[in-house]
Amino acid sequence: MILDRFEYLRPSNVDEVVTAITTEDEVAIISGGTWVVQQMGQHLRRPKVVVDLSAAGLSGVSTNQDTISIGPSTTYTQLLEAGDTPPFLRKVASGITGGIQIRNAGTIGGSACFAYPPSDAPGALVTLNATMVLRSGDGQRKVAATDFFLDALTTALRPGEFLEEILVPIADTERIFSYQKFRNVTGSTPIVTAGCIASEDGLAKRVVIGGAATTPVVVDLAGDESEDEIADLTRSLISHPWSDALANANYRRHTAGTMATRAVRAVREQIEGEER
Ligand SMILES: Cc1cc2nc3c(=O)[nH]c(=O)nc-3n(C[C@H](O)[C@H](O)[C@H](O)COP(=O)(O)OP(=O)(O)OC[C@H]3O[C@@H](n4cnc5c(N)ncnc54)[C@H](O)[C@@H]3O)c2cc1C
């Protein structure tokens, strides 16, 4: 139960969001609220001001010239329904657990800003080479997804700043891909995820691992490695392992190698299928 008093603001556009969060008081931005409300209920977070983004026009998916623009408040259900959603992200959204309530309320931007290591969003956005557009009273700045996730539960967002938009290069959304997720039971959050998108020259040269480390791990490949080599390389790159009640660090590290090979294998098989 939330017992603390707080001021509730529901800005109706981006400028009002800037004004609402530029305050000395502790602010909690709410997108879908599936993390924030839980934290407030457990008294882990006691904001003086709650800024609800639901009316700020920050949801939706649209295609511009060479990028796909995704509003941070786009829910998983909206990602599944929008025509412009990149197929890779549609696959990610379709695998979110927690039932219809979580898919209807939880948002891609909320998940990214929370930066919980086993969540799908951090690894997925790094796989897609996304750019995070951050906004504050000082204007806009753009941060590559690879630089956005700094540590577990820590992003490049500064005080008084919010995530305004997520940009994905179209070229990366049109190629063969694989998204692999390992969970210990159907309804659990992921233990390890692996995303791979074929490179421009039609090889599997990059796998991104989520859940094994505090931030997504990028595994760059030459394209001709054996599966054992991919697994070994992946495990060797996990320098800041993540561990929690679901799975310890060793288990996640080992699983990361296996999931990386699965993702690369799936991409290679699709490429070979196209060549036949
Ligand atoms: C039962 C259950 C099952 C789940 N299953 C999965 C799963 O399979 N995979 C998975 O990845 N996740 C899963 N989740 C987590 C869920 O995806 C996230 O809770 C959701 O996506 C977070 O989005 P939200 O909009 O609700 O975040 P919120 O709670 O609104 O916000 C999360 C954090 O981000 C901040 N924030 C939000 N928007 C912005 C913004 N625009 N700018 C700056 N800061 C912002 C908030 O202040 C807060 O700190 C599950 C959760 C539950 C309860």
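The model is predicted, so local features need pLDDT of at least 70 and side-chain atom pairs count only at pLDDT 80 or more, while totals for chains, interfaces and linings use all residues. Residues are numbered from 1 along each chain as its sequence is written, and side-chain values use heavy atoms, with hydrogens and water left out. Helices (H or I, at least four residues) and strands (E, at least two) are DSSP runs, numbered from the N terminus.

**Aromatic contacts**

- The structure holds seven aromatic pairs; rings of Phe, Tyr and Trp (its six-membered ring) pair if their centres lie within 6.5 Å, with planes under 30 degrees apart counted as stacked, over 60 as edge-to-face and the rest as tilted.
- One of them is Trp-35 with Tyr-116, edge-to-face at 5.2 Å centre to centre and 65 degrees between the planes.
- Trp-35 sits in the loop between strand E2 (27-30) and helix H2 (36-41) and Tyr-116 in the loop between helix H6 (108-114) and helix H7 (120-127), so this pair ties together parts 81 residues apart in sequence.
- Tyr-116 counts as buried because its relative accessibility is 18%; buried means under 20% relative accessible area, exposed over 50% and partly exposed in between (1.4 Å probe, protein chains only).
- Phe-88 and Tyr-179 also pair edge-to-face, at 5.4 Å centre to centre and 80 degrees between the planes.
- That pair links distant parts of the chain, with Phe-88 in helix H4 (residues 87-94) and Tyr-179 in strand E11 (residues 177-182), 91 residues apart.
- Both Phe-88 and Tyr-179 are buried.
- Trp-35, Phe-114, Tyr-116 and Trp-242 make up one aromatic cluster.

**Surface patches**

- Asp-224, Asp-228, Glu-229 and Asp-232 gather in a surface patch of negative charge; patch residues have over 30% relative accessible area and no salt bridge, with like charges joined within 9 Å and nonpolar side chains (Val, Leu, Ile, Met, Phe, Trp, Tyr) within 5 Å.
- A salt bridge here is a side-chain nitrogen of Lys or Arg within 4 Å of a carboxyl oxygen of Asp or Glu.
- Asp-228 is in helix H10 (residues 227-236) and counts as exposed, at 60% relative accessibility.
- Ile-2, Phe-6, Tyr-8 and Val-37 make a nonpolar surface patch of about 340 Å².
- Val-37 lies in helix H2 and is partly exposed, at 40% relative accessibility.

**Positive phi**

- His-43 isn't a glycine, yet its phi is positive, near 60 degrees; His-43 lies in the loop between H2 and strand E3 (49-52).
- Leu-153 isn't a glycine either and has a positive phi of about 60 degrees, in the loop between strand E8 (149-151) and strand E9 (154-155).

Conventions. Accessible areas come from the Shrake-Rupley method with a 1.4 Å probe; for residues, only the protein chains shown count as cover. Lys and Arg count as positive and Asp and Glu as negative; His and the chain ends are not counted. The place of a charge is taken as NZ of Lys, CZ of Arg, CG of Asp or CD of Glu.
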